[in-house]
Structures are given as C-alpha cells and as structure tokens.
Amino acid sequence: MGTQTFTHETITDDKGRQLVVKVEGLQKYFGKNHVLKGIDLEVYKGEVLVLIGPSGSGKSTFLRCLNFLEDPTTGEIRVGDVHVTCGSHGGGFKKDVHEIRMKCGMVFQEFNLFPHKDAIENVIEGPILVKHEKKAEAIRKAEMLLTKVGLGDRMDFFPSQLSGGQKQRVAIARAMAMDPVLMLFDEPTSALDPELIGEVLKVMKELAEGGMTMIVVSHEMGFSRDVADRVVYMDDGYFIEQGPPSEVFFHPKDDRTKRFLRHILPEKEPQHAKELGILEVDQELPEPEAVDGPPQGAAGAALNEDNFQDTAIPEIPLSQGPAGETPLPPGDEKL
C-alpha cells in the first residue's frame, strides 16, 4: 500500500460525518509474535467505539499503535488531518507521529500520575511543557476540567491522598487538558475497586454525551451497551465482529463472539448477563467439542484453542511431604 496524498485535509463521508480515525492494513509484530493481523477501521467524529475480547487478543496493543506508543510494523494510520505510513523514517514521519500523539488523549489502567505533584500540577504539566501554554491559562483550564470530573475540592490533593477512582478522574482531566480530537481508554476501570468503577464510568459517559470521539477497551458490558455506538469483538489479532451493541450483544453472529459473551458476562456482570439474555445464547451455542471442525471465517484459526484466560480454573497445589518437601507430580516419582 503506497503513501496516500491526503496527508492534511478533512475527510467527510456521504452523510457529512467527519472522519477522525482511519486505519488500513495495520500489522504489528513483536519479534516473531504476530499480534495485529491486518486491522481496518474508520471512526467518525462523536462516535464511541468499545473494543471487547479475551486477554491477549491485541486490544491494548491496537490502542498503543494508534498513538505510536508502540511502533506499528506496517499499515496506514490517520488521526484528524494527519496521515502516517507505518514503518517510515525521516523528519517528516517523526513530525507527523508527534502531531498524531498531540491529537490523542490516553487514559491507562494504572493512572500514571506524578506522585510528587498535586492534582492541578498533574493536569497542567502537559499543556505547559508540550503545548507551551501560559501557566495562568493552563491553571484556569485545569480548574475547569477538575471541577467537571467532580474534583473541584481535591485540586491540591496528591495522588497518595486520592482514591483509585479519583486518581483515574485526574488522569482523564489531564488527558482532556491537551485538547485531543480522540480519547483512548485502556481498561480504565480494571484497577479499581468495584464501588469506585461507577464514578469513572459516569465521567466517561458525560464525555461521550458531550460529543468526544472515544475508543475504549473495556469489559464493562453495561457501559458498552448504554454508551457505545459500535462494539468490536477482537480475538487473536483480528476484528472478528462489529456492530451496534444491540446486534453484537443480543444477536452475535460469530461463534467466537458468542463463546466470549457466554463466559465473560455471567462471571463478571451476572445482572447484565441476565439483561442481555446471555443464557439464551448459552443454550443455542453447542459446546466446543461438539462443533464440527475449526471455526470458519476471516480469522481462521483464532479459536483453534479456546481463549478462556479470564475463566481458567487454577490448579490445586499438592500438600507438602512430612519434611516440608513438595511431592513430585504423579508419574515423575522416578526423577
């Protein structure tokens, strides 16, 4: 695929929607490990896209490639009006990568706040150092954003004085302070206690309602159902199935999607599993050993071995011997 000529222009579709993200043929290798296997995606202004799928399917790597925290191996990435051919070199390439990073706000699982700076100092750091904003203006915007995420009374608190949910809301304010055209969320509630998840999802929902374009990696199926415009099920480096939540959750077409929903929802969100009618999917889907042959479709061998990391049953350790030694597994006594 050659370099396209529309590097800096605004693209709209036939409905007048403005294109914010366009990805074509995105591939990522870590050594010989082929993690992303030809991803194509378009996201339009104001759209909320949620990526779901088992651990190790490539969701977080895809996000990190979008803003070049990871270097994609090959493919084309466009964010806003900046287009980059992955794997290129030179000053022009580095400049465009920097511009894409400036257009993307990223919220991580583990907050990544500066521990020695209070909330407002964490938020103003990027605008002052990277965008060269005047300190007074950066502080004014930070105060507005922290108030917007419900932390108007915590501006001078350090991360050690904040709960996990409050830290994550500071991280969201920090990302928004850079005036991004796209917000990326990498499982932003996975490190939180259950009682703190709602406060972060509430802020994300308000951002979506305000028209922010968002790509979210999450297992929060209730949020996906209520807020997402589109849900993508990802497995083994492929986009297996995508569509509105009403289709992907209630009427999944691919057996891999059905199997994932059957396993993830009853364990993590039993109430939503019931609301989504997941028991009906479970009844309709034959057990893996009853399926004739490997799954068919573009992803081919994505489920030759089931990806059930989230529901795996741990091995039960053997009790120690009389002198405290660990017994050998059965059959290995001769060793």
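User: In which hand does α3 pass α5 in this predicted model?

Analyst: Helices here are DSSP runs (H or I, at least four residues), strands likewise (E, at least two), numbered from the N terminus. A crossing is left-handed if the near helix is turned anticlockwise from the far one by less than a right angle, and right-handed if clockwise. For α3 and α5 the crossing is right-handed.

User: At what angle do the axes of α3 and α5 cross?

Analyst: Axes are lines fitted to C-alpha atoms, for helices over the stretch in contact, with angles from 0 to 180 degrees between N-to-C directions. Helix α3 (residues 119–129) and helix α5 (residues 164–176) have axes that come within 8 Å. Angles under 35 degrees count as roughly parallel, over 145 as roughly antiparallel, 65 to 115 as roughly perpendicular and the rest as oblique. The axes cross at roughly 30°.

User: Which class of aromatic pair do F62 and F239 form?

Analyst: Rings of Phe, Tyr and Trp (its six-membered ring) pair if their centres lie within 6.5 Å; planes under 30 degrees apart count as stacked, over 60 as edge-to-face and the rest as tilted. The centres of F62 and F239 are 5.6 Å apart. Their planes stand at 75°, so the pair is edge-to-face.

User: How many residues apart in sequence are the parts that F62 and F239 tie together?

Analyst: F62 lies in helix α1 (residues 59–66). F239 lies in strand β10 (residues 238–243). Residues are numbered from 1 along each chain as its sequence is written. The separation is 177 residues.

Terms used: This is a predicted model: local features need pLDDT of at least 70, side-chain atom pairs count only at pLDDT 80 or more; totals for chains, interfaces and linings use all residues. Side-chain values use heavy atoms; hydrogens and water are left out.
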